[in-house]
Amino acid sequence: PDYVRLTWSKFLRKWLAAKRKLLPDLYHLVSSARSAMDEDFAYQIERVQTGAEFRAALNSQGFDIILADYRLPGYNGVSALRLAQELCPDIPFIFVSGTMGEDAAIDGLTQGATDYVLKNRLTRLAPAVRRALEDAENKRQRKQAEEALRESEARFRVVANSANDGIVSTDIHGIIFYWNNA
């Protein structure tokens with residue numbers, strides 16, 4: 001299964017139960033995330049297993065978060081992290097692994113991973129995903145606010161510098177921090 005849209009219906013629960021034997025990791029990840037999310041929480045999963053598939057997915061989709069195993073037969077999580085940082089640096093990246101040691105986890109975090117969750121502690125997955133998504137949204141909003149502020153300051157400077165009268169701005173101590181060219 002390359003692509004699965006997950007919504008919490010009776011059909012999905014039956015589908016996951018049927019696929020449990022074929023996709024045990026996907027089933028457990030989804031079940032863990034589902035257990036801590038709201039009933040209306042819906043999401044999509046695109047599962048890739050090779051570097052080429054991962055690159056193609058990053059180039060073709062708008063993802064909110066990336067969950068990656070630390071070790072895969074044909075690819076590894078560190079390479080996936082580097083590629084994700086190159087192609088979509090604002091998307092949170094969480095390692096989900098059963099073989100990730102403490103040193104590897106710290107190394108992944110210092111290289112830019114948002115978090116890591118061990119497969120034997122999947123109850124941490126939903127809170128980690130929620131926290132990563134909230135942090136990413138906060139960063140996005142902060143960037144928007146900073147950009148809006150830059151644009152507002154630029155508009156102010158255009159207006160102030162085109163004024164025929166002198167404009168001076170001071171702080172509460174009377175120190176001048178802006179004056180126009182008039």
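Student: How many salt bridges does the structure hold?
Tutor: The structure holds five salt bridges, a salt bridge being a side-chain nitrogen of Lys or Arg within 4 Å of a carboxyl oxygen of Asp or Glu. Please note that this is a predicted model, in which local features need pLDDT of at least 70 and side-chain atom pairs count only at pLDDT 80 or more, while totals for chains, interfaces and linings use all residues. Residues are numbered from 1 along each chain as its sequence is written, and side-chain values use heavy atoms, with hydrogens and water left out.

Student: Which residues are linked in a network of salt bridges?
Tutor: Asp115, Arg124 and Arg131 are linked in such a network. Asp115 meets Arg131 with N and O 2.9 Å apart. That pair links distant parts of the chain, since Asp115 lies in strand 5 and Arg131 in helix 6 (residues 125-162), 16 residues apart. Asp115 also forms a salt bridge with Arg124, where the closest N and O atoms are 3.4 Å apart.

Student: Is Asp115 buried or exposed?
Tutor: Asp115 counts as buried, because its relative accessibility is 11% and buried means under 20% relative accessible area; exposed means over 50%, and partly exposed lies in between (1.4 Å probe, protein chains only). Arg124, at 29%, is partly exposed, and Arg131, at 38%, is partly exposed as well.

Student: What about Glu137; what does it form a salt bridge with?
Tutor: Glu137 pairs with Arg140, and their closest N and O atoms are 2.4 Å apart. Both residues lie in helix 6, three residues apart, which is about one turn of the helix.

Student: Changing topic: how many helices and strands does the chain have?
Tutor: The chain has six helices and seven strands. Helices (H or I, at least four residues) and strands (E, at least two) are DSSP runs, numbered from the N terminus. Along the sequence the pattern is β-α-α-β-α-β-α-β-α-β-α-β-β.

Student: And what is the order of the strands in the open sheet?
Tutor: The order is 3-4-5, three strands with parallel pairing; two strands pair if DSSP finds at least two bridges between them. Strand 3 (66-68) and strand 5 (115-118) stand at the edges with a single partner strand each, so one side of each has no neighbour in the sheet.

Student: How many bridges join strand 4 to strand 5?
Tutor: Four bridges join strand 4 (residues 93-97) to strand 5. Within this pair of strands, Val96 stands opposite Val117 in strand 5.

Student: Where does one find a hairpin?
Tutor: Strand 6 and strand 7 form a hairpin with five residues between them, and Gly174 in the turn has a positive phi of about 85°. Strand 6 (residues 168-170) and strand 7 (residues 176-179) run antiparallel and are joined by three bridges. Ser169 stands opposite Tyr178 in strand 7.

Student: Which residues make the nonpolar surface patch of about 340 Å²?
Tutor: Val168, Ile176 and Trp179 make that patch. Patches are made of residues with over 30% relative accessible area and no salt bridge; like charges are joined within 9 Å, and nonpolar side chains (Val, Leu, Ile, Met, Phe, Trp, Tyr) within 5 Å. Accessible areas come from the Shrake-Rupley method with a 1.4 Å probe, and for residues only the protein chains shown count as cover. Trp179, in strand 7, is exposed at 57% relative accessible area.
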